[in-house]
Amino acid sequence: MNSSVEKKAMSLTITKYEQIWVDGLNRGDVSGADEAFATNCVIHMAGAPDPNLSVSDFKDLVSGLLTAFPDLHTSVNDQMVSGDKVATRWTAIGTHTGPLGGSPPSGNKAKFEGLILDRVVEGQVVERWEQWDQMGMLQQIGLV
């Protein structure tokens, strides 16, 4: 190992529910939400049309993102667990080759990051707070 960053990456343990979700996202599939999130989970997402999403609404929103970025790859950079709370920092990279809302594909690559705080009960998320750099993503694909 050449650096502390490499050592840290080697020792990062990701919660089972988040690994299921991220693995699904990286396959372009949101069905992992059904295992990762409790049925009555509420996802609070800044910048979403409704800032308090049901799991179904969240899956629809993320499906739209995966349509716009079919090659999207998400990775977990950091994760910390304290009691029933889990904090996660993630990065996603993809190419805007599909429509995003009413906007046609730009062909531009985008890299964006986000932060999540989950409340977890019996291995499932019961409440999630998520913020990510939507503006940065929109700038990179030329929509802003």
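Analyst: One term before the rest: a salt bridge is a side-chain nitrogen of Lys or Arg within 4 Å of a carboxyl oxygen of Asp or Glu. The model is predicted: local features need pLDDT of at least 70, side-chain atom pairs count only at pLDDT 80 or more, and totals for chains, interfaces and linings use all residues. Residues are numbered from 1 along each chain as its sequence is written, and side-chain values use heavy atoms, with hydrogens and water left out.

User: How many salt bridges does a search of the whole structure find?
Analyst: The search finds eight. One of them joins Arg128 and Asp118, with the closest N and O atoms 2.6 Å apart. That pair links distant parts of the chain, since Arg128 is in strand β6 and Asp118 in strand β5, 10 residues apart. Strands here are DSSP runs of E with at least two residues, helices are runs of H or I with at least four, and both are numbered from the N terminus.

User: Are Arg128 and Asp118 buried or exposed?
Analyst: Both Arg128 and Asp118 are buried. Buried means under 20% relative accessible area, exposed means over 50%, and partly exposed is in between (1.4 Å probe, protein chains only).

User: What else does Arg128 form a salt bridge with?
Analyst: Glu130, where the closest N and O atoms are 3.8 Å apart. Glu130 is buried, as is Arg128. Through shared partners, salt bridges join Glu18, Asp118, Arg128 and Glu130 into one network.

User: And which residue does Lys85 meet in a salt bridge?
Analyst: Asp84, at 3.6 Å from N to O. Lys85 counts as partly exposed because its relative accessibility is 31%, and Asp84 counts as partly exposed because its value is 33%.

User: Switching topic. In what order do the strands of the sheet run?
Analyst: The order is β2-β1-β6-β5-β4-β3, six strands in an open sheet with mixed pairing. β2 (52-53) and β3 (73-82) stand at the edges with a single partner strand each, so one side of each is left without a neighbour in the sheet. Two strands are called paired if DSSP finds at least two bridges between them.

User: How does β6 pair with β1, parallel or antiparallel?
Analyst: Parallel: β1 (residues 37-45) and β6 (residues 124-132) pair over five bridges. His44 has Trp129 in β6 as its bridge partner.

User: And β5 with β6, in which sense?
Analyst: Antiparallel, over eight bridges, with β5 covering residues 109-121. Trp129 in β6 is the bridge partner of Leu117, and Gln124 in β6 is the bridge partner of Val121. The hairpin of β5 and β6 has two residues between the strands, and Glu122 there takes a positive phi near 50°.

User: What about helix α4, what should its span be?
Analyst: Helix α4 (residues 55-68) has 14 residues and should span 20 Å at 1.5 Å a residue; its end C-alpha atoms are 20 Å apart, which agrees. The expected span is 1.5 Å times one less than the number of residues.

User: Which residues of α4 are buried?
Analyst: They are Val55, Phe58, Lys59, Val62, Leu65, Leu66 and Ala68.

User: Where is Leu100, and what is it in contact with?
Analyst: Leu100 is in the loop between β4 (85-95) and β5. Leaving aside neighbours within four places in sequence, Leu100 is in contact with Gly64, Ala68, Met137, Leu138, Ile141 and Leu143. Contact means heavy atoms within 4.5 Å. Leu100 counts as buried because its relative accessibility is 18%. The C-alpha atoms of Leu100 and Phe69 are separated by 8.6 Å, though the two residues are 31 apart along the chain.

User: Which helix does Leu138 lie in?
Analyst: Helix α5. Leu138 counts as partly exposed because its relative accessibility is 24%. Not counting residues up to four places away in sequence, Leu138 touches Leu100, Leu143 and Val144.

User: And where is Val144 found?
Analyst: Val144 is in the segment after α5 (134-140). Val144 counts as exposed because its relative accessibility is 56%.
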